[in-house]
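Subject: Structure handover

Hello,

Here is the structure I said I would pass on. My notes on what was found follow below it.

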Amino acid sequence: MAQRLLRERLRTIRERMSEDLDAAMREDPAATSRFLVAISYQGVHAIWSHRVAHLIWTRTPALRPIARLMSQASRHWTGIEIHPGATIGRRFFIDHGMGVVIGETAIVGDDVLMYHQVTLGGRARGRFKRHPTVGDRVLLGAGAKVIGDITIGDDAKIGANALVVKDVAPGAVIVGIPSVVHSGDVIA
């Protein structure tokens, strides 16, 4: 029985890792092979490390200091800081990645594409939900700052260097400082 459960868990881990590699191949035109992505993409390494740290953080509160140390080691090696308390969906891809910060109470949906220097940050102190919730299939452009307990709707696109401090409707395109809804696409 225990051996069967272990085999199933390992199969699930292998499937999720494969999904991450597929997401990188889909989202990055420069990705030439799954093997190269697996050994050299810091965004993929950061999310894999986060998944282990998050599992420890959520399932074994007594070991939370270990999860924090893991996240700091990952930050040191990848340049990407993801708090182990953050909830990250499936097929999440961080392209380039340097300077990404994802706070403790952030929630990121499935199939999200995030570029370098994006911050999902808080704007208040305390032990409550203080970081953004990002829906499914969202694009977060390079340098975007999404701050506070706000919601980014499914299929939204946040332009490069946008400062977002209010909820974003599903499918909206947001650009500027402060951000405003814009018609069209953030990618020329």
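Two residues count as being in contact when they have heavy atoms within 4.5 Å. In that sense H54 touches P84, G85, A86 and T87, leaving aside residues up to four places away in sequence. Please keep in mind that this is a predicted model.

H54 has its place in helix 3. Is H54 buried or exposed? Its relative accessibility is 18%, and buried means under 20%, so H54 counts as buried.

The rest of helix 3 gives the setting. The helix covers residues 42-59, 18 residues in total. From first C-alpha to last it reaches 26 Å, close to the 26 Å expected at 1.5 Å a residue. The buried residues in helix 3 are G43, V44, A46, I47, W48, S49, H50, A53, H54, I56 and W57. What covers them? The cover includes three helices, namely helix 1 (2-27), helix 2 (34-40) and helix 4 (64-78). It also includes strand 1 (81-82), strand 2 (87-88) and strand 3 (93-94).

W57, one of the buried residues of helix 3, has a charged neighbour: R64 lies over the face of W57, at 4.4 Å from the ring centre. As for pairs of aromatic rings, a search of the whole structure finds one.

Four strands form an open sheet with parallel pairing, in the order 2-5-8-11. Strand 2 and strand 11 (151-152) stand at the edges; each has a single partner strand, so one side of each is left without a neighbour in the sheet. Strand 5 (residues 107-108) and strand 8 (residues 133-134) run parallel and are joined by two bridges. Across this pairing, V108 stands opposite V134 in strand 8.

Finally, two residues of helix 1. D22 is found in helix 1 and, at 38% relative accessibility, counts as partly exposed. The C-alpha atoms of D22 and S33 are separated by 9.7 Å, with the two residues eleven places apart along the chain. L10 is also found in helix 1; at 43% relative accessibility, L10 counts as partly exposed. How far apart in space are L10 and Q42? C-alpha to C-alpha, L10 and Q42 are 23 Å apart, and in sequence 32 residues apart.

Regards

Methods. Residues are numbered from 1 along each chain as its sequence is written. This is a predicted model: local features need pLDDT of at least 70, side-chain atom pairs count only at pLDDT 80 or more; totals for chains, interfaces and linings use all residues. Side-chain values use heavy atoms; hydrogens and water are left out. The expected span of a helix is 1.5 Å times one less than its number of residues. Buried means under 20% relative accessible area, exposed over 50%, partly exposed in between (1.4 Å probe, protein chains only). Rings of Phe, Tyr and Trp (its six-membered ring) pair if their centres lie within 6.5 Å; planes under 30 degrees apart count as stacked, over 60 as edge-to-face and the rest as tilted. A charge sits over a ring if NZ of Lys or CZ of Arg is within 6 Å of the ring centre and within 35 degrees of the ring normal. Two strands pair if DSSP finds at least two bridges between them.
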